[in-house]
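Hi everyone, thanks for making time for this one. Let me put the structure up, and then I'll walk you through a few of its features.

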Amino acid sequence: MGYSLDNSGSTTIVYSTSINTKVAAYTGAHTLHVKSWGNGGAVCVADVAIVVVPDPLSKVPVDALAFKGIQAQSGWQYVNDSGTSGYAKGWMTLTKSPSIGGMSSREFASQFTNGGGERYYRTFGANTWVSNFLYDGWVYIGGSSSGISNIELDMNQVTGNGQTVIYGFQCDGWTSTWDYTVNAGSPWNPVDKWLHSSRYCNPRTWSTNAWHHVQISYSRDQYGAVTYKSVWMDGVQEDIWQTVPSSFALGWGSSLLTNFQVDGYGSSGSSTVYLGDLNVYAW
């Protein structure tokens with residue numbers, strides 16, 4: 001077998017019945033030429049149109065803090081989110097199936113009534129000075145997605161002034177948008193609200209029994225204003241670029257914390273969602 005890219009004059013030959021390799025290419029559209037030759041001299045050529053998109057990990061500085069495998073760490077907790085319209089309860093377990101690269105994933109099983117949501121959370125570090133983040137994880141919806149309204153992927157950070165900056169982000173199945181949070185009040189009299197971006201997302205349209213790669217980039221300034229930059233879903237980049245105040249005087253101790261929340265859709269039901277290979281990069 002062999003392959004070449006675009007108008008390359010040379011073909012890389014592989015003496016095998018399959019090819020699994022990496023090829024460097026610039027961002028944009030390309031044509032991958034895949035070729036095979038039979039023992040009797042027959043030739044088969046297939047042209048595959050591909051698009052190379054930038055990997056947000058390539059923008060992470062080499063000296064960034066890397067909190068890896070958060071989904072497999074002990075100490076996760078869960079609670080009904082009283083801010084939702086109904087009630088939910090949930091439980092968790094680590095599992096090897098499904099998994100990303102053989103690593104354990106965390107299974108979140110939730111039951112709800114009247115659109116209730118279950119919030120799963122873990123403190124994974126403590127750093128007050130970092131101000132840029134890349135949230136990088138994989139989500140797998142087991143079975144049906146019909147009972148899911150929102151999937152929330154948040155992070156909180158207590159900063160040097162003792163206030164908590166909330167980086168709230170969710171795939172909103174009610175409005176079919178990516179949403180982000182804002183403190184519409186003040187740090188001492190907060191009003192936590194969701195704002196809708198113009199970017200499409202609905203968890204009930206995600207393919208089930210398959211992993212989806214979700215990456216979110218955001219940063220904050222010294223006053224606790226958060227800039228939500230971009231979100232990547234399975235490698236497809238959607239730009240947000242909205243800056244909002246998001247600092248809260250909650251009196252929490254120094255911590256970095258992540259929330260993973262699943263909200264129900266309808267009068268009652270259940271869902272099973274997995275989180276795999278969750279890494280947070282900070283600098």
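The chain has 21 strands and zero helices; these are DSSP runs numbered from the N terminus, with helices being H or I of at least four residues and strands being E of at least two. Keep in mind that this is a predicted model, where local features need pLDDT of at least 70, side-chain atom pairs count only at pLDDT 80 or more, and totals for chains, interfaces and linings use all residues. Residues are numbered from 1 along each chain as its sequence is written, and side-chain values use heavy atoms, with hydrogens and water left out.

Taken along the principal axes, the C-alpha atoms fill a box of roughly 75 × 40 × 35 Å. Of the 283 residues in the chain, 48% are buried. Buried here means under 20% relative accessible area, exposed means over 50%, and partly exposed is in between, using a 1.4 Å probe and protein chains only.

Now for the cysteines. How many disulfides does the count come to? One, taking a disulfide as a pair of cysteine sulfur atoms within 2.5 Å. The partners are Cys 171 and Cys 201, with S to S at 2.1 Å. They link distant parts of the chain, 30 residues apart: Cys 171 is in strand β13 (residues 169-172), while Cys 201 sits in the loop between β15 (192-200) and β16 (211-220). The torsion about their S-S bond is about -100°, so this disulfide is left-handed. Both Cys 171 and Cys 201 are buried. Cys 44, on the other hand, is partly exposed because its relative accessible area is 46%.

Next, the largest pocket, with a volume of about 620 Å³. A pocket is an open set of points on a 1 Å grid over the protein atoms alone, where a 1.4 Å probe fits, with protein on both sides within 12 Å along at least five of seven lines; lining residues have an atom within 4 Å of a point. Its volume is the space filled by probe spheres set on the points, which are joined across faces, edges and corners.

Which residues lie nearest the centre of this pocket? Out of 25 lining residues, they are Asp 81, Arg 119, Glu 152, Asp 192 and Gln 261. Strands β9 (117-125), β11 (148-158), β15 and β20 (256-264) each supply at least two residues of the lining, and β11 gives the largest share, five residues.
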